[in-house]
Structures are given as structure tokens and as C-alpha cells.
Amino acid sequence: MMPEDGVVVRMKGIVKRFPGVVANAGVDLEVRRGEVHALLGENGAGKTTLMNILYGIYHPDEGEIWVNGKRVTIRSPQDAIRLGIGMIHQQFRLVQTHTVVENIILGLKEAFFFPDRPARRRILELSEHYGMKIDPEARIWQLSAGEQQRVEILKVLYRGANILILDEPTSMLTPAETHDLLRTLRRMAKQGQTVIFITHKLEEVIEVSDRVTVMRQGKVAATLNTSETNPRQLAQLMVGRDVLFRLEKKPIQPGEVVLDVSGLNVLNDKGLPAVCDLALQVRAGQILGVAGVSGNGQRELVEAIAGLRPVVGGRIAVNGRDVTRLLPRARIESGIGFVPGERWMALVPSMSVAENLILKNYVRSPIGRGIWLDRRAIAVYADALINQFAILTPDRHTPLKKLSGGNIQRALLAREMSEKPSLLIVAQPTSGLDVGATETIWQMLLAERERGTAILLISDDLKEVLSLSDRVAVIFEGQIMGEFLAEQADLEQISLMMAGALRLSDANVVGEAA
Amino acid sequence: MGVNIFEFILLALRAAIPAGTPLLYGTLGEVYAERSGVLNLGVEGMMIMGAVSGFAVAHTTGNVWFGILTAALVGGLLALIHAFACITLRVNQVVSGLALTMLGLGISGMMGKRYVGQPLAARLQPIHIPGLSDLPVIGELLFRFDILVYIGILLVPLLWFLLYKTRLGITLRSVGENPAAADALGVNVAFVRYAAVVFGGMMAGVGGAYLSVSYAPAWIEGMTAGAGWIVIALTIFAIWDPRRALLGAYLFGGVRVLQYRLQPLGISPNLLNMLPFLLTILVLWISSGEAARRHIGAPAALMTPYSREER
Ligand SMILES: Nc1ncnc2c1ncn2[C@@H]1O[C@H](COP(=O)(O)OP(=O)(O)O)[C@@H](O)[C@H]1O
Ligand SMILES: [Mg+2]
């Protein structure tokens with residue numbers, strides 16, 4: 001029977017448990033033909049899990065799925081593809097060393113020999129039809145994130161999918177690329193494709209979707225017509241309470257220059273230039289935010305300052321002292337604190353909370369005494385930090401990995417801040433954290449700023465950079481494209497800078513650019 | 001009439017090609033296994049088991065082809081154990097591979113006791129290629145090998161073509177580079193890996209049999225003498241490309257022959273034993289810049305077990 005109400009996907013009472021969590025606790029979802037249906041929710045709400053179930057990657061513990069009015073059991077992605085379902089994952093699933101065609105035809109049984117002319121022709125047709133330009137012979141690693149995403153979408157369309165699932169497709173894109181993508185999605189819907197669009201960004205829901213289903217803690221909070229709702233209502237449904245949209249930031253007169261980087265050149269893991277002649281300064285009591293699409297040298301920049309990556313040229317000074325050639329330990333002593341973007345880089349998952357908290361100062365008294373550790377001193381010290389920074393843990397002996405993401409990050413910040421650094425480098429402080437945890441991390445950073453610490457903030461989340469920073473610098477291919485006061489930020493300009501299409505000259509650096 | 005350069009090269013090839021042939025088989029197999037994402041350090045064990053079982057069957061049945069077939073099956077069977085351990089049970093690949101090597105060395109020693117010193121009536125004979133084999137000097141030196149040598153050479157373009165120009169190859173390489181991508185498109189990752197590993201084992205088995213039914217031809221305990229480890233190095237040396245495997249196998253084969261030739265001159269065989277590994281490091285060092293630029297190198301998912309539900 002063909003559904004008259006136009007429902008193409010119906011999921012009913014879906015339950016999926018993982019060790020220790022119920023990712024989906026009885027989810028109902030209805031998606032109609034030809035609509036863009038947004039699936040909105042905080043990190044961990046269960047959006048990806050639900051869609052992975054529809055795509056046959058996970059198997060539901062309970063619940064039923066109907067596609068095109070028929071009850072189905074989807075055992076594998078192959079089953080899903082056969083039903084016309086295609087999924088574009090948050091992390092692209094592309095073979096970096098292969099070409100676009102090779103990636104697209106992977107797994108198809110069409111032709112034994114390769115390269116295959118009809119396939120290439122089909123790809124070009126499709127890309128033209130949906131307005132997504134791509135070179136079929138390019139290798140994936142040569143493509144930008146936006147282009148890689150096009151390959152992912154083409155992969156799905158090539159298989160004749162008419163139900164497209166996109167999992168947080170904009171997280172890797174510049175604002176301009178995001179705009180293009182959203183336009184493409186609208187176009188697809190108009191041509192009869194059904195699009196399920198996962199996101200945690202309210203503006204995107206409003207901009208692109210016809211209907212929206214909001215998820216919270218594994219359950220559906222509501223399904224609404226987008227035209228009848230607003231960001232405020234959606235945020236409330238998503239978080240379960242009112243959220244602050246603006247941070248309270250005390251005005252502070254910035255002090256002396258703490259971090260002074262000039263002419264910095266750093267190579268990436270492959271030995272290619274990642275940071276090129278970069279200069280920046282951070283003053284005491286100031287947050288300098290570096291915005292940019294990930295992979296533009298942010299990681300190499302912070303690692304160079306922290307002493308984890310050799311500097312090929314230029315100078316890094318902290319409090320007027322040249323630290324360019326110092327080892328990490330010596331840099332710590334000269335007042336640098338470091339919270340890397342990859343949290344586990346700075347923590348040991350299986351060691352206890354207390355042990356992780358003393359990782360930096362166990363060599364010094366009172367904790368380190370000769371070759372011994374003073375257990376009582378550790379207890380006092382760790383408990384003090386756990387209280388002061390409100391780290392939620394059963395006790396200090398609990399292995400750190402047992403804590404929630406927010407508390408792990410809080411422990412890391414606690415350790416770095418307890419050293420009273422004069423410079424704190426923070427990368428991706430809230431990645432993977434939900435709104436509640438994000439708020440408390442932000443408060444911690446603002447408190448540290450008020451203490452007079454110079455903070456260098458690196459984040460892929462533009463909103464985070466804009467709301468926390470005093471000054472914002474945009475990085476592209478290892479160079480600063482422009483720097484301005486946060487309150488004078490112009491989104492369109494930032495977008496151009498992130499894409500490398502605009503560069504402010506040094507003369508009009510302070511926000512008055514044309 | 002002294003030995004000129006040309007003749008010297010021919011003589012060197014004459015020695016290096018047979019010595020390199022077991023390495024070639026082993027490496028071609030290991031290239032395929034590793035391309036699927038599974039490292040098999042059990043090559044030494046599979047080769048020696050191929051050598052002993054191949055010899056035993058050829059000796060008993062009097063048919064050398066039964067011997068070679070048996071060696072392939074035994075190698076494949078051992079590889080199947082490895083595949084089960086690392087793909088299904090998700091055991092550490094290094095541990096499982098090392099265990100396989102030790103197992104092979106032990107069992108072959110035990111099984112082979114009664115064949116030590118036995119002559120082999122049914123051995124591979126050099127084949128006569130009309131025309132080529134009759135050429136003066138060249139024919140004598142380069143076209144008097146047995147069939148396994150030529151099959152090995154023919155396998156190189158075949159496996160290369162399969163790997164780079166067919167759907168099969170793209171599937172295999174994708175599984176080794178990004179199994180999640182392949183899985184999402186409906187490729188059976190576990191099956192592909194099983195097949196590649198078993199194929200690798202069969203090739204190693206044949207390589208071992210070549211030693212005992214053609215090269216020696218005899219059974220000597222521990223006769224692979226580290227050839228399996230050279231295969232591991234060669235696979236890297238070849239940058240996982242069958243064409244470079246051919247080059248490397250004959251080069252390293254030549255080095256192995258030199259080892260015996262130079263020993264009387266007072267050059268330590270231990271020094272020459274190190275040569276393949278030193279060469280591998282050298283090649284890696286020289287090519288690392290190029291590799292990074294062109295994004296070639298070890299399969300990205302080498303040694304990572306894949307499971308759909310895991311993050
Ligand atoms: N493969 C997995 N193994 C264990 N836990 C998982 C797995 N996938 C998701 N989870 C957990 O399920 C919950 C929902 O995750 P997810 O569906 O990814 O949320 P969302 O996509 O909304 O951010 C989270 O608590 C997450 O940690
Ligand atoms: Mg998700």
C-alpha cells in the first residue's frame with residue numbers, strides 16, 4: 001500500500017542501547033516525501049544513532065521501521081541502499097588516496113574493468129543536474145572539505161537514492177560552502193528527493209527545513225513545522241530549559257603583551273608548510289580567538305607555541321622572554337598552560353582523576369619528594385581542585401575515562417589553571433560537549449581571563465570564538481587573513497577570510513576594513 | 001676470453017632470479033594481505049610449512065605438482081587461522097603473526113625429521129623455451145629456469161593490473177585504506193580481508209615449496225632462513241606495489257646469494273644478512289618525501305580491525 005499522507009520513512013518506538021547509555025529511548029519519526037526534515041538536538045541526543053539504524057549500520061534493540069509504506073528490516077547499508085536510502089556521515093567516508101570516480105563506484109557491481117567511461121559520464125551528468133561541480137579524476141586528498149562532501153552526496157545519488165540522510169553536513173564547511181550546500185539541498189527537495197538533515201545549529205534548521213524533529217536525551221521532544229516555530233522555542237526544546245544566548249563578559253583593560261609571536265614558520269606532519277610567517281600578540285586579561293576552517297594550521301600553531309612541534313623560522317616570546325628553542329617542560333615553567341584540541345593528548349584515560357590532576361606538578365614539592373610521591377599531599381591537592389572546579393566524580397580514585405566529556409574537560413582545565421599560567425592556550429575547548437557543559441567551560445575561561453591570564457583560543461566553532469574573544473584573528477593556510485575586535489566582527493567578511501578570498505592589510509587591521 | 005661486464009650481469013641474474021623467486025611469491029602475497037589492512041608476520045612460518053609439506057608430498061607421491069598444490073593449501077590454511085584470529089576475534093595482528101611463525105617453525109622441524117637428507121626424484125626441471133633457450137649465452141643463462149620462476153614473473157603484471165585497474169582491486173584497496181567507507185557502500189569488509197589473507201598464505205606456501213622442490217631441492221630444517229622476514233621488509237620496500245616487489249625480490253635474492261659467495265672471502269654473513277633490512281630503511285628514507293607528497297605508502301587501515309558498531 002502506498003501511503004497517502006506522503007510519509008516515506010516511519011520509525012516507531014526505536015530503542016538502541018550501548019554499554020552504559022540508552023542512545024535512543026523509544027523514538028518515533030515520520031518523514032514525508034520531498035521535504036527537508038531537520039533532526040535537531042544537542043551532542044549525544046541520539047541523532048546519529050537513529051540515522052545509523054535507518055541506514056543499517058546499527059541494529060535497533062526494539063522498534064519498527066517502515067519505508068514507502070512497507071515494514072522493513074534493514075540489516076546492512078546494502079539493504080538501505082536497495083530501499084533508496086543514502087547516508088552522508090559526519091566524518092566523510094572516503095578513501096583519501098583514490099579518485100572521485102573510484103570512490104563513487106566502490107561496491108557497485110557494474111563493470112569489472114576500470115576506469116570506466118559510463119560511470120564518469122553519469123557522475124558528470126549528476127553533478128551538473130544538481131549544480132555540484134567536481135572533477136571525477138581528482139584524488140580525494142586534493143579536494144577541499146566542501147568538494148569532498150559533494151563526492152559523498154554524488155556517491156549516494158549515483159546509487160539512485162531518493163532519501164538522503166546528512167549527518168551534521170556543515171560542521172566541516174566554511175559559511176560560504178554551507179550556504180551552497182543548503183541551496184543544493186533545497187534544490188534536491190524541489191526535484192522530489194527527501195532530505196533528512198541532522199544538525200545542532202538552529203539557524204540552519206530555520207534556513208533550510210520544512211519540518212523539524214527535536215531530540216533530547218534519546219527521545220523526541222517535538223516535531224514542528226519550521227514556519228511555525230522560532231530559534232528560541234527550538235533551543236528550549238533542545239536543552240530542556242531556557243538558555244543564555246549572550247555571555248556576560250566584564251570589560252577588562254588588557255595589560256602587557258604576554259605572548260608575542262612573529263614571523264613564525266612551522267611544518268605539518270608531512271613536512272609541508274602549515275604556518276607561514278605568522279604574527280600575533282596576546283595581552284594579559286585578553287582572549288584572542290583564532291577562527292578558521294579546521295586544518296589551516298591551527299593545530300601546528302598551538303603545538304609550536306606549546307613546544308611540541310619544532311619551529312623552522314620565527315620567534316615565540318612569552319613575557320618578553322624568547323622561548324622558541326625551549327623544551328616543553330621549560331615552557332611550562334615559563335608560564336604556558338596548554339589545553340590541546342585532542343583532549344586525550346594531555347590526559348591518561350585509565351589513570352585516576354587525582355593522578356591526571358598532578359601530571360604536571362608531581363615532580364615538585366609538595367607532591368614530589370625526591371623519587372617519592374607524597375600521597376597525602378596528592379589527596380589534599382586533588383580534592384581541592386575537584387571542589388574548586390566542580391568536577392563531578394565519585395571520588396579522586398575513579399579512572400578519568402569514566403567521567404563524562406564535560407567533566408573530563410573540566411579536569412584538564414583545572415590542572416592547567418591551577419598552575420596559574422600567564423598564557424593559556426586552549427584548543428577546541430567545547431568540542432563534543434553539550435550546551436550545559438559548554439556553558440560551564442566558557443565560564444571557567446572567562447574567569448581565567450578576569451584573573452589576568454592571556455588566553456589564545458583556537459576553535460572550529462565560529463560562534464564560540466565570537467562570543468568568548470576580545471579580539472578575533474582569522475587563519476587560512478597558515479596565515480592570518482585579518483584581525484579585529486570581536487564586537488566589530490562581520491560574518492560575511494569572516495567567511496571570505498576563512499575561504500582565503502579576503503585579506504585585510506596591516507593598515508586597517510582594527511575592524512575598519514573596507 | 002675473460003668475463004666481461006655483460007656476462008657478469010647475466011651471471012648475477014642467473015643466480016639472483018631463482019634466489020629471489022620464493023621472496024617474490026611471498027611478497028606478492030603479503031602485498032595483497034596488507035593492502036586489505038591485515039599485517040601477517042607469519043610469512044616465515046607459512047613458507048617453511050609450505051617447504052616441508054611440499055617436499056613431503058612430492059617425495060611420497062612422486063608428483064611435484066601435488067607437492068606445490070599441498071604447499072599452497074597448507075599456507076592458505078595457516079593464513080586462515082591468522083585471519084580468524086585478527087579479523088573475527090580481533091586479536092592483535094603482530095601477536096597472531098608471530099605465533100604463526102613460531103608454530104610453523106616448530107611443526108615443520110618435527111614433521112620434516114624423516115625427510116632430512118632424502119633426495120627428491122620428482123623435482124621441477126628447467127623448461128625449454130623453443131627459440132629463446134637456444135640463444136647463445138643469454139639462452140643458456142636466462143631461459144633455463146623452471147616453470148615456477150616464469151609463473152612468478154607473469155603474476156606480477158597480472159596482480160598489478162588486478163590491483164589498480166579492476167573493481168576487485170579498488171575494493172581491496174578501499175578496504176585497506178578506509179573500511180568504514182567500503183562498508184557503508186555495501187562491501188563485505190571481513191570477506192575481502194579473509195580472501196586477501198588466505199591468498200597471501202597460499203603464495204607464501206608456494207614460495208616455500210619452491211625452495212624445497214626446486215631451489216635446493218631437499219628438505220633442510222629451517223631452510224627458509226629468514227626469507228619470511230625479508231618478505232615483510234620487501235613489502236614495505238615495494239611500497240605495496242607488485243611491480244616494485246619484482247625488482248626488490250630479485251635484488252634481495254641477489255644479496256642472499258652474495259652472502260654465500262662472499263663468506264669464503266671473510267666477509268661476515270651477518271653483515272650481509274642485515275643488508276635487505278638496511279636497504280629497506282634506506283629506500284623508506286629516500287622515498288618518504290615523495291610518499292608524503294603523492295599520498296602513497298602503507299594502507300591507512302593497516303593493523304586496525306574493523307567493526308561496524310565501534311567508534
Ligand atoms: N558505537 C557506540 N558505542 C557506544 N556508545 C555510543 C555509540 N554510538 C553512540 N553512543 C552513545 O550514544 C549516545 C548518542 O550518541 P549519538 O547518536 O552520536 O548522538 P548525536 O548524534 O545526537 O550527537 C551518546 O551518549 C553516545 O556516547
Ligand atoms: Mg552525531
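User: Let's start with the helices. Which residues in H7(B) meet H9(B)?

Analyst: On the H7(B) side they are B:Thr171, B:Leu172 and B:Val175, and they meet B:Val189, B:Val192, B:Arg193 and B:Ala196 in H9(B). Sorted by type, the residues of this contact come out as 5 nonpolar, 1 polar and 1 charged. Keep in mind that this is a predicted model.

User: How do I read the geometry: at what angle do H7 and H9 of chain B pack?

Analyst: Helix H7 (residues 167-177) and helix H9 (residues 189-215) of chain B pack at about 105 degrees, and their axes are 10 Å apart. Angles of 65 to 115 degrees count as roughly perpendicular, so H7(B) is roughly perpendicular to H9(B).

User: Now the two chains. How many residues does the contact take from chain A and from chain B?

Analyst: Chain A gives 34 residues and chain B gives 27. The area buried between chain A and chain B is about 2,700 Å², and carbon and sulfur atoms give 62% of that.

User: And the charged side chains: which ones meet in a salt bridge between B and A?

Analyst: The general idea is that side chains of opposite charge can pair when their charged atoms come close. Here, B:Arg173 and A:Glu102 do that, at 3.5 Å from N to O. The count between chain A and chain B is 1 salt bridge, along with 5 residue pairs in polar contact, both residues at pLDDT 80 or more.

User: Which elements of chain A give two or more residues to the side that touches chain B?

Analyst: Strand E1 (7-18), helix H2 (77-82) and helix H3 (100-105) of chain A. H2(A) has the largest share, with 3 residues. By type, that side of chain A divides into 16 nonpolar, 9 polar and 9 charged residues.

User: What about the backbone: which peptide bond is cis?

Analyst: First the background: most residues other than glycine have a negative phi, and most peptide bonds are trans. The bond from A:Ser365 to A:Pro366 is cis, with omega near 10 degrees, and A:Pro366 lies in the loop between H11 (353-357) and E17 (368-369) of chain A. On the phi side, A:Ala390 has a positive value, near 50 degrees; A:Ala390 is in the loop between H12 (375-388) and H13 (405-418) of chain A.

Key
Residues are numbered from 1 along each chain as its sequence is written. Chains are lettered from A and ligands numbered from 1 in the order in which they are written. This is a predicted model: local features need pLDDT of at least 70, side-chain atom pairs count only at pLDDT 80 or more; totals for chains, interfaces and linings use all residues. Side-chain values use heavy atoms; hydrogens and water are left out. Axes are lines fitted to C-alpha atoms, for helices over the stretch in contact, and angles run from 0 to 180 degrees between N-to-C directions. Helices (H or I, at least four residues) and strands (E, at least two) are DSSP runs, numbered from the N terminus. Angles under 35 degrees count as roughly parallel, over 145 as roughly antiparallel, 65 to 115 as roughly perpendicular and the rest as oblique. Contact means heavy atoms within 4.5 Å. Ala, Val, Leu, Ile, Met, Phe, Trp, Tyr, Cys and Pro count as nonpolar, Asp, Glu, Lys and Arg as charged, and the others, Gly among them, as polar. Buried area is the accessible area (1.4 Å probe) that two parts lose on being put together, summed over both. A salt bridge is a side-chain nitrogen of Lys or Arg within 4 Å of a carboxyl oxygen of Asp or Glu. A polar contact is a pair of N or O atoms within 3.5 Å; within protein, one must be able to donate a hydrogen and the other to accept it, and residues adjacent in sequence count only if both atoms are side-chain atoms.
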